[in-house]
Amino acid sequence: MDSLKKQTKYVVVSGGVISGIGKGVIASSVGFLLKQCGLKVTAVKIDPYLNIDAGTFSPYEHGEVFVLDDGGEVDLDLGNYERFLGITLQKHNNITTGKVYQNVINKERRGDYLGSTVQVVPHLTNEIQEWIERVAQISVDESKKQPEVCIVELGGTVGDIESAPFVEAMRQFQFRVGDHNFCLVHVSLVPQTGTLDGEQKTKPTQASVRDLRGLGLYPDMIICRSTLPLQPGIKEKISMFCHVEPKKILAVHDCSSVYEVPLLLVKQDLPELLYKKFHLNNGVVPTSDESSQSLSIWSAFCRRLKTLRDSVRIAIVGKYTGMRDAYMSVIKALEHASVECSRKLEIIWIEAEYLEKENQKKYPAQYHTSWEKLCSSEGVLVPGGFGDRGILGMVSAIEWARSNKIPFLGICLGLQVAVIEHARNVLGWEDANSTEFDPATSHPVVEYMPEVSRTHKGGTMRLGLRTTHFQRDCLTKKLYGQKETIQERHRHRYEVNPQMVDHFESAGLHFVGRDDSGSRMEILELDDHPFFVAVQYHPEYLTRPLKPHPVFRGFISACNCGK
């Protein structure tokens, strides 16, 4: 263990054959297992795109934009890292090509490279290596201790042009930190032909490893992704052609939930393999009652997730339901809360625009199907989003939940639309709207925040961890354990117009949580309703598998009251 304190250990996770193979979940699972061994673990995600961050992506492009405490808008895999490892990351834990080039160009302008021709090698590759080493030293938990292991997920697919500088940087990095401090785990696809009885093919993995070796990186382990468990002889065949011992070729087939992946890997002795590679504790994984109990609790969570029978039907009325990854953290938060409440989660996906009255004639089948789905739900959730598409459908869904006393949870945009619905259908302001959707409305109940840039989009929203003060005793305060203040992560440009708050309060819609100034509305609740809560922040970013977020737990509990 003393050697570990002198030098951080690095586990680099690369991917081959196809993108979206599950590197993020596997990287998170590797970190989780090492943390169960008592090690301090951090994680870095490398994204080989030229964007500075993920903040300006369309949800249909890369899925959810995950927000960190410091306001970093990052890849959704960092959400996996935080949930699996129980850590708090920073925006520097997400490296992009854009960030690296920006740093190198800034250094060139300052004269840091004076006299040199600035090139990809060595200047860009050195910047990447220095960045990883720097971030690997930053504490990510309450202990404030330096991490002992850093998981580095190399985004993209080996062989992509975009990934080339990062692959070269990792080739150099293995010599920079030393063989016993560097472990390369390559994730590759083993496809299956034809039916379920078809033969599993190893050629794609062989080709992927050959490409990787040609670039100067030799995998210490290969993790094979497949639909079904690997057939007999597959590991041996891959071992023969990829020059990796059979015991270091691990299998991860499709599971009913991502939380089962660590259990699959521990059965194949992944911790032991890493301890031997890193020369930790003489290659012997330390055992303790605490780590055994922790893994047992995780196993029990997975069993409950699979064996729950009584369901809870939650309608998610959103704008990006065609891309489920756009709501990754919302799904996980509902999942965690449902297990806590002993309910099997059943999500009913509803594209908001199909609920709109004007689409009854244009899309009659989708219109009637969507309303049928909504009416069969036990709870309605309206998540975040941008733009006016589907807003009228969200208004209709919220009106239905309010009128029929169906539990409702609004997040970010969901809070703003709940305010619009109340203004129109309770206060009678027919043209009430957000200035995002109608700048000329005579009742601007939601408006642009004055400090937010109107000319630049990237990194200009109200981002990161902010404090909310409860204004009175209320349901949400009870869910948070009667705390007077809470801290939650935000990502928005628009806010409730503070000049109109009194009108809503007098009509039974109460803003029970506000910011430090008291002028920014954070939480609303409705009188005479079993559960009508909306929040301006994003509670889903702070959920954990074994510690569901209180707002989601309260929402699921309310949905079960009628059973």
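**Entry 1: a strand pair**

I began with strand β1 (residues 9–15) and strand β6 (residues 149–154), which pair in the parallel sense over 5 bridges. Two strands count as paired if DSSP finds at least two bridges between them. Strands (E, at least two residues) and helices (H or I, at least four) are DSSP runs numbered from the N terminus. I noted that V12 stands opposite V152 in β6, and that V13 stands opposite E153. The model is a predicted one, in which local features need pLDDT of at least 70 and side-chain atom pairs count only at pLDDT 80 or more, whereas totals for chains, interfaces and linings use all residues. Residues are numbered from 1 along each chain as its sequence is written, and side-chain values use heavy atoms, with hydrogens and water left out.

**Entry 2: the parallel sheet**

I then looked up the partner of β6 in β2: these two strands pair in the parallel sense over 6 bridges, and the bridge partner of V41 is V149 in β6. In general, strands of a sheet pair through backbone hydrogen bonds, either parallel or antiparallel. Here 7 strands form an open sheet in the order β5-β2-β6-β1-β7-β8-β9, with parallel pairing. Its edge strands, β5 (94–96) and β9 (249–253), each pair on one side only. Neighbouring strands of this sheet are turned by 20° against each other on average, direction ignored. Helix α4 (residues 77–85) packs on the sheet and touches β2 (41–47), β5 and β6; its direction makes about 170° with that of β2. For such angles, axes are lines fitted to C-alpha atoms, for helices over the stretch in contact, and values run from 0 to 180 degrees between N-to-C directions.

**Entry 3: burial of β6**

Why is β6 largely enclosed by the rest of the structure? I found that 6 of the 6 residues of β6 are buried, so the strand is largely enclosed. Buried means under 20% relative accessible area, exposed over 50%, and partly exposed in between (1.4 Å probe, protein chains only). On one side V149, I151 and E153 are buried, and on the other C150, V152 and L154.

**Entry 4: the cores**

A nonpolar core is a set of buried Ala, Val, Leu, Ile, Met, Phe, Trp, Tyr and Cys residues joined through side-chain atoms within 4.5 Å. Of the 53 residues in the largest one, V11, V30, L34, I151, L265 and L274 touch the most other members. Helix α2 (residues 23–36) gives the most to this core, with 7 residues. I checked I151 for contacts (heavy atoms within 4.5 Å). Leaving aside neighbours within four places in sequence, its contacts include V11, V30, L34 and V41. A second, separate core of 45 residues includes L413, A432, Y494 and F532.

**Entry 5: the mixed sheet**

I recorded another open sheet, in which 3 strands follow the order β14-β15-β18 with mixed pairing. The edge strands are β14 (433–434) and β18 (494–496), each pairing on one side only. Strand β15 (residues 444–448) and β18 pair in the antiparallel sense over 3 bridges. E447 stands opposite E495 in β18.
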